[in-house]
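Here is a short briefing on one protein chain.

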Amino acid sequence: MLLTGVIPSSSHPLQTPTATLPGASNAGRAVDARAWKLHFGCMQDIWSRQGDLAQTAGRLREEVQLHLARKLDDSHIAFSDQDGWAGRSKEPGPPVDVLVVPPEGERRFAYVCTFGSSLRKTSDANPNGRMEFALAVPQSGEAKSDLSKLNLAANTVRQFAKLVHIQDIRITAGETVQFARNPAPIFDGSKQIAFAFMPPRLPDEGFARLKLDDRDAITFWSPVPVYLDELEAGAAYGPHRLAQGLRKAGVTEMLHLDRPS
């Protein structure tokens with residue numbers, strides 16, 4: 001899948017570049033989960049306005065947050081889309097929030113998940129139905145590095161969630177996305193040049209599909225960064241074979257910019 005004009009960026013950082021993560025320090029101590037929860041829990045709620053969209057969004061977001069809590073842990077709004085799509089943006093579609101499950105105990109990664117793309121239901125142009133996007137982010141307790149990785153993951157999933165409302169996207173496991181015919185590295189310091197969609201694997205079993213009722217569900221997808229040889233393998237052998245190969249190699253939704261190919 002070749003896409004143009006939608007490239008993950010850092011235009012909406014979770015915090016200002018000079019900020020430090022709550023509970024973190026440069027001494028390498030683990031991030032304090034309670035401080036994270038207090039920090040993320042005080043973000044502005046853009047869905048508090050009245051109307052059908054707000055009611056539908058409120059119900060769906062509650063389902064997504066309950067799903068995250070059941071399969072992983074409590075989530076909090078790390079980025080609230082106050083500017084884009086809140087009545088002042090030229091882009092179509094509703095706002096997209098970014099939810100974060102902070103690291104806790106022995107789980108030394110944060111989990112980043114969108115909310116907003118699932119407002120688009122199943123249609124002929126959207127056969128995948130309701131979708132959200134998720135990535136896991138390793139966290140070491142080093143504030144600057146942790147924040148940089150969080151911003152990278154948050155902006156990546158947010159761009160794909162926005163794309164659902166801008167273009168018709170057909171997703172299967174192993175389907176690849178590149179942003180140019182001769183793609184360059186998508187992240188600084190990495191040789192990965194494209195993304196492959198994979199079902200999330202790190203939360204408890206059953207996370208990849210949230211059943212809402214007998215006829216409705218939300219499917220979660222992870223845009224996993226891939227290398228040139230993996231992109232070429234997908235083109236040569238198809239998405240199913242690529243997905244099988246990535247799973248066999250132990251590739252998950254964890255954001256590893258230097259993993260072995």
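Angles between axes under 35 degrees count as roughly parallel, over 145 as roughly antiparallel, 65 to 115 as roughly perpendicular, and the rest as oblique. Axes are lines fitted to C-alpha atoms, for helices over the stretch in contact, and angles run from 0 to 180 degrees between N-to-C directions. This is a predicted model: local features need pLDDT of at least 70, side-chain atom pairs count only at pLDDT 80 or more, and totals for chains, interfaces and linings use all residues. Residues are numbered from 1 along each chain as its sequence is written, and side-chain values use heavy atoms, with hydrogens and water left out.

**Helix pair**
- The axes of α4 (residues 228–237) and α5 come within 7 Å and cross at roughly 140°.
- α4 and α5 are therefore oblique to each other.
- Glu230, Gly234 and Tyr237 in α4 meet Pro239, Arg241, Leu242 and Leu246 in α5; contact means heavy atoms within 4.5 Å.
- By class, the residues of this contact are four nonpolar, one polar and two charged.
- Ala, Val, Leu, Ile, Met, Phe, Trp, Tyr, Cys and Pro count as nonpolar, Asp, Glu, Lys and Arg as charged, and the others, Gly among them, as polar.

**Largest pocket**
- The largest pocket has a volume of about 220 Å³, the space filled by probe spheres set on grid points joined across faces, edges and corners.
- A pocket is an open set of points on a 1 Å grid over the protein atoms alone, where a 1.4 Å probe fits, with protein on both sides within 12 Å along at least five of seven lines; lining residues have an atom within 4 Å of a point.
- Of its 17 lining residues, Glu230, Leu246, Val251, Arg259 and Pro260 are the closest to the centre.
- β8 (216–226) and α5 (239–248) are the elements that give two or more residues to the lining.
- The largest share, three residues, comes from α5.
- The lining divides into nine nonpolar, six polar and two charged residues.

**Leu60**
- Leu60 sits in helix α2 (residues 52–71).
- At 0% relative accessibility, Leu60 counts as buried (under 20% relative accessible area; exposed is over 50%, partly exposed in between; 1.4 Å probe, protein chains only).
- Not counting residues up to four places away in sequence, Leu60 touches Phe115, Ser118, Leu119, Arg130, Leu212 and Ile218.

**Whole chain**
- The protein chain has five helices and eight strands; these are DSSP runs numbered from the N terminus, helices H or I of at least four residues and strands E of at least two.
- Of the 261 residues, 52% are buried.
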